[in-house]
Amino acid sequence: MIITRRAFTTALSLTGLAALAGLSPLRLISDAFAQTAAEVAKPQSLPDMGLGPQDAKVTIVEYASMTCPHCANFNETVFPKIKSTYIDSGKVRYVFREFPLDIKAAAGSMLARCIAKDDAPKYFAVIDLLFRQQNDWVMKNTTETLTRIGKQAGLSQQEVEDCLKDQTLLDKIAADQKYANDVLKVNSTPTFFINGEMLKGETSFEEFSKHIDPLLKS
């Protein structure tokens, strides 16, 4: 389902994830299987936010929800190792895609897009901040806390309000999530694709290395 502006605004006024039950943007599908690299690689409604060279031998695509605690833990404990070992050395391209499991996650994703615009490194910096402050803006007043974060990043009060009311942006996020759900069979977060091969759930650095290293040698 496409999130309506009314439902979105109402949900943002609530505190706590329990109040958001039933407002997930999409119906979830249980089947999961590896997709072709081509199906995973192409961006849909929104441009990809990625780090690392476009022509890297290995591309990792992460689907995450900004309110997902497993995603936040991965961002803090595993992603920095992937970045220092593979991305910074130019061996891997890493793409982050939004898969909001509730309205508050959609709001966080929207704010990250509005702050970063087309600047991928800035986008990754914003989602890192949102993950690290997840408890603050998810469990407390979401609009107020996101507004504070937006202002810290250089947006005005009006720019934050306009961002969180941007139905076109919200529709694009929902459309990309629908594609991931229907075509790629993403139904939980975090979900990763390494050159098209799906890995589900919070995955260790060692497990990533087991998949990445043979591809780099091939």
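**Exercise 1.** Work out how strand β2 (residues 58–64) is joined to β3: how many bridges are there, and do the strands run parallel or antiparallel?

*Solution.* Seven bridges join β2 to β3, and the two run parallel. Strands here are DSSP runs (E) of at least two residues, helices are runs (H or I) of at least four, and numbering starts from the N terminus. Two strands pair if DSSP finds at least two bridges between them. As an example, Glu62 stands opposite Phe96 in β3.

This is a predicted model, where local features need pLDDT of at least 70, side-chain atom pairs count only at pLDDT 80 or more, and totals for chains, interfaces and linings use all residues. Residues are numbered from 1 along each chain as its sequence is written, and side-chain values use heavy atoms, with hydrogens and water left out.

**Exercise 2.** Find out how β1 (residues 49–51) joins β3.

*Solution.* Three bridges link β1 and β3, which run antiparallel. Gly50 has Val95 of β3 as its bridge partner.

**Exercise 3.** Explain why β3 (residues 92–98) is largely enclosed.

*Solution.* Start with the cut-offs: buried means under 20% relative accessible area, exposed over 50%, partly exposed in between (1.4 Å probe, protein chains only). Seven of the seven residues of β3 are buried, so the rest of the structure largely encloses this strand. Next, check directions: Val92, Tyr94, Phe96 and Glu98 point one way, while Arg93, Val95 and Arg97 point the other way.
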